[in-house]
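Hi there,

Here is the structure I promised to pass on. Have a look at it first, and then read my notes below.

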Amino acid sequence: MSVLLLAEITNGALSLDQTAKAVTAVQALGDITILCAGNACSDAAAMAATLAGVSKVLCADDILYGNDLAEPVAALVVALADSFSHIVAPATASAKNILPRVSALLDVMVISDVTEVVDPETFDRPIYAGNAIQRIKSLDTQKVLTVRTAGFSAAAQTSSAPIENLAVAQDPGLSTWIEDKVQQSDRPELTSAKIVVSGGRGVGSLEHFKIIEALADKLDAAVGASRAAVDSGYAPNDWQVGQTGKVVAPELYIAAGISGAIQHLAGMKDSKIIVAINKDEDAPIFQVADYGLVADLFDVVPALTEAV
Amino acid sequence: MRVLVPVKRVIDYNVKVRVKSDGSGVDLSNVKMSMNPFDEIAVEEAIRLKEAGKVTEIVVVSIGVKQAQETLRTALAMGADRAILIEASADVHNDIEPLSVAKLLAKIVAQENPDLVLCGKQAIDNDMNATGQMLSALLGWSQATFASEVALEDGAAVVTREVDGGLQKIKVKLPAIVSVDLRLNEPRYATLPSIMKAKKKPLTIQTPEELGVEITPRHELISTSEPPQRSAGVIVKDVNELIAKLKDEAGVI
Ligand SMILES: Cc1cc2nc3c(=O)[nH]c(=O)nc-3n(C[C@H](O)[C@H](O)[C@H](O)COP(=O)(O)OP(=O)(O)OC[C@H]3O[C@@H](n4cnc5c(N)ncnc54)[C@H](O)[C@@H]3O)c2cc1C
C-alpha cells in the first residue's frame with residue numbers, strides 16, 4: 001500500500017498545518033509520497049520533505065499549477081495515480097475542487113471529509129451537517145479521499161525525504177485564472193488557530209464587527225462568522241464556519257450573537273471549550289456551550305477584551 | 001442556449017435528523033423533504049439568466065425515487081421549462097452515489113446538449129460535494145465550483161468562486177459545469193399561479209437501465225451512528241466569572 005498526498009499549496013507556499021495533519025491521518029496506510037503542485041513551489045516541497053512519515057516528495061513547479069485550477073492539477077494527479085493505493089488530500093476548498101475530478105477520471109467513488117481511517121478500506125465521515133457519522137467500506141481498488149484535518153495533530157518536522165522534480169503535463173486549456181481577492185492578515189489561520197472568536201447576525205454591522213476582531217486580536221485568535229453575518233456583509237466569506245464553511249476545532253471557541261443553527265454547529269461543535277454570548281437565554285447555542293453568558297454582546301465583548 | 005440543472009430531493013434543512021436505532025441510516029420516513037438548498041440556488045440562477053435573455057431553455061433533472069417528481073415540479077413552478085426524472089430507486093433510504101449520478105447526468109447531457117450545467121455544490125444529506133466535479137471529469141468539460149457570481153460571455157463563463165483564502169475569479173470555456181454556493185442569489189418562492197402552470201409542463205421519466213448506466217454502489221455502508229453529544233455547561237453571571245472559568249477551570253486562556 002502507498003499513499004499519494006496532494007499538499008495544500010497557496011501561491012507557492014505550503015499550508016504546513018493542513019498538510020501535516022493529513023499526513024498524520026493516513027500514516028497507517030503505507031508509504032506516503034507528497035505531491036506539491038504549484039508555481040514557484042520548491043520551498044514548499046522542501047518543507048513537505050521534513051514531515052515525519054513522508055518517504056518522497058514530488059514537485060511539479062509550473063505556472064500551470066499556480067492557481068489551483070482543477071483541470072490541470074487533476075490531470076497531473078491522474079497521470080501519477082497508477083502506483084498508489086490511496087490518493088489523499090486535506091479537505092480544503094482546493095482539494096474539494098480537484099479530488100472528485102480525479103476520482104471520476106479513475107472511476108472511483110470519492111470519500112469526502114474523512115474523520116477517521118479505520119482500516120485501509122474503511123472510513124468514518126460525517127453526513128447531514130455532522131448529525132450522523134457514516135462508517136463506509138470502499139469497494140474500489142483505489143481509494144480517493146479528503147481528510148478533515150481538525151481532528152488530527154500535525155506530523156512533526158523531523159524528516160528529510162528526497163525530492164523529485166516532475167515534468168510538466170499539458171495544459172488542457174479549459175479554464176484560465178483571472179484574479180484572486182484574498183485578504184492578507186496577520187491573524188492565525190481559522191482552521192489551525194487555538195482560539196476562534198466568531199460573530200453572528202447579532203453583531204449587526206460591518207462596523208460593529210470590529211469589536212469581535214478586537215477581542216480576537218487580544219486573544220491572538222482567528223475570527224470566524226456565521227453564514228448570516230457573511231451574507232449580511234459583516235464579514236468576508238472565508239470567515240464562515242459551518243456545514244458549508246470551515247470546520248474548526250480550537251481549544252476555545254467564542255460565539256457572540258450566534259443562535260446556534262445546526263449548520264453552524266457542524267463547523268465548531270468539536271471545539272474543546274465553547275463559550276456562548278447571546279441575549280436570548282433560549283438560543284440553541286447554549287445547549288452546546290460549556291460556558292454561557294446571557295447578555296448583550298455590545299456590553300460584554302468589549303468588557304471581555306478589556307479584562308483578558 | 002440551453003441550461004441543465006440537476007436537483008436533488010433531500011430532507012428539509014430545518015428537520016432534526018434522527019439516526020435509526022439499528023444503525024442502518026437516518027430515518028427518512030414521514031419527514032419533510034425539499035429541494036436541496038444549493039440546487040434551488042442553481043435553478044434560480046438559470047431562471048435569472050433566462051430572464052436576462054442569455055438562456056433560452058432550462059431543463060431540470062432529478063435522480064432518485066418517484067417522489068422526486070415533486071421536487072421537479074417545484075423547479076418548474078420556479079420557472080424551469082421541462083423536467084426529466086431518472087427513477088433509480090424505489091426506496092427513499094437508498095442514496096444514489098455521486099459517481100453514478102454523474103454517469104447518469106452525462107447521458108442526459110448527451111441527449112440534451114446543454115451549453116451549461118448549473119448544479120448545487122453539495123447535497124445537504126450526504127455532504128459529498130462531488131457530483132459537479134465528477135460530471136465535468138466524465139465529459140472532459142471545464143469546471144467552476146463554489147460560484148458566488150456567474151457572468152456569461154461569448155463562449156465562456158466568468159465565475160467568482162468562494163475559496164479558503166477569499167474569492168477567486170476564473171474564466172471557463174463553454175460548455176462548462178458550474179457548481180453554486182450559498183451567496184450566488186436568493187431563490188424565489190413559486191407563486192400559486194406558477195405552481196398551477198407547472199403541472200402542465202412536460203416531465204418525462206427514464207431509468208438507469210434505459211440509459212445503460214450501472215449504478216451499483218462503491219461504498220458499502222457499515223453503520224450510521226450518532227455523533228458524540230455535547231451537553232450544556234453552566235451559565236455564568238458576568239465577564240469576571242467567565243474569565244475565571246476560562247483560566248482556572250478550562251485552562252484555555
Ligand atoms: C444549506 C445551508 C447551509 C448553511 N451553512 C451554514 C454555515 O456553513 N454556517 C452557518 O453559520 N450557517 C449556515 N447556514 C445558515 C444557518 O441555518 C443559520 O441561518 C445561520 O447560522 C444563522 O446565523 P446567526 O446565528 O448569526 O443568525 P441568527 O440565527 O439570526 O441569530 C442571531 C443571534 O444573535 C442574538 N443577538 C442579537 N442581538 C444580540 C446582542 N446585542 N447581544 C447578544 N446576542 C444578540 C440573537 O438572540 C440570535 O440568537 C446554512 C443554511 C443552509 C440552508
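Helices here are DSSP runs of H or I with at least four residues, numbered from the N terminus. With that in mind, α6 (227-231), α7 (262-265) and α8 (297-307) of chain A, together with α1 of chain B, each supply at least two residues of the shell around the ligand.

A word on conventions: this is a predicted model, in which local features need pLDDT of at least 70 and side-chain atom pairs count only at pLDDT 80 or more, while totals for chains, interfaces and linings use all residues. Residues are numbered from 1 along each chain as its sequence is written, chains are lettered from A and ligands numbered from 1 in the order written, and side-chain values use heavy atoms, without hydrogens or water.

Now the ligand site. The ligand is surrounded by 30 residues (a heavy atom within 4 Å), with A:R201, A:S226, A:S259, A:Q263 and A:N278 the closest. Because these surrounding residues come from chains A and B, the site is shared between chains.

Among the polar contacts (N or O pairs within 3.5 Å), the side chain of A:S226 has an N or O atom 2.5 Å from a ligand oxygen. A:Q240 places a polar side-chain atom 2.9 Å from an oxygen of the ligand, and A:D296 places one 3.1 Å from a ligand nitrogen.

As for α1 of chain B, this helix covers residues 37-51. B:F38, B:I41 and B:L49 are among the buried ones.

Best wishes

Conventions
The expected span of a helix is 1.5 Å times one less than its number of residues. Buried means under 20% relative accessible area, exposed over 50%, partly exposed in between (1.4 Å probe, protein chains only). A polar contact is a pair of N or O atoms within 3.5 Å; within protein, one must be able to donate a hydrogen and the other to accept it, and residues adjacent in sequence count only if both atoms are side-chain atoms.
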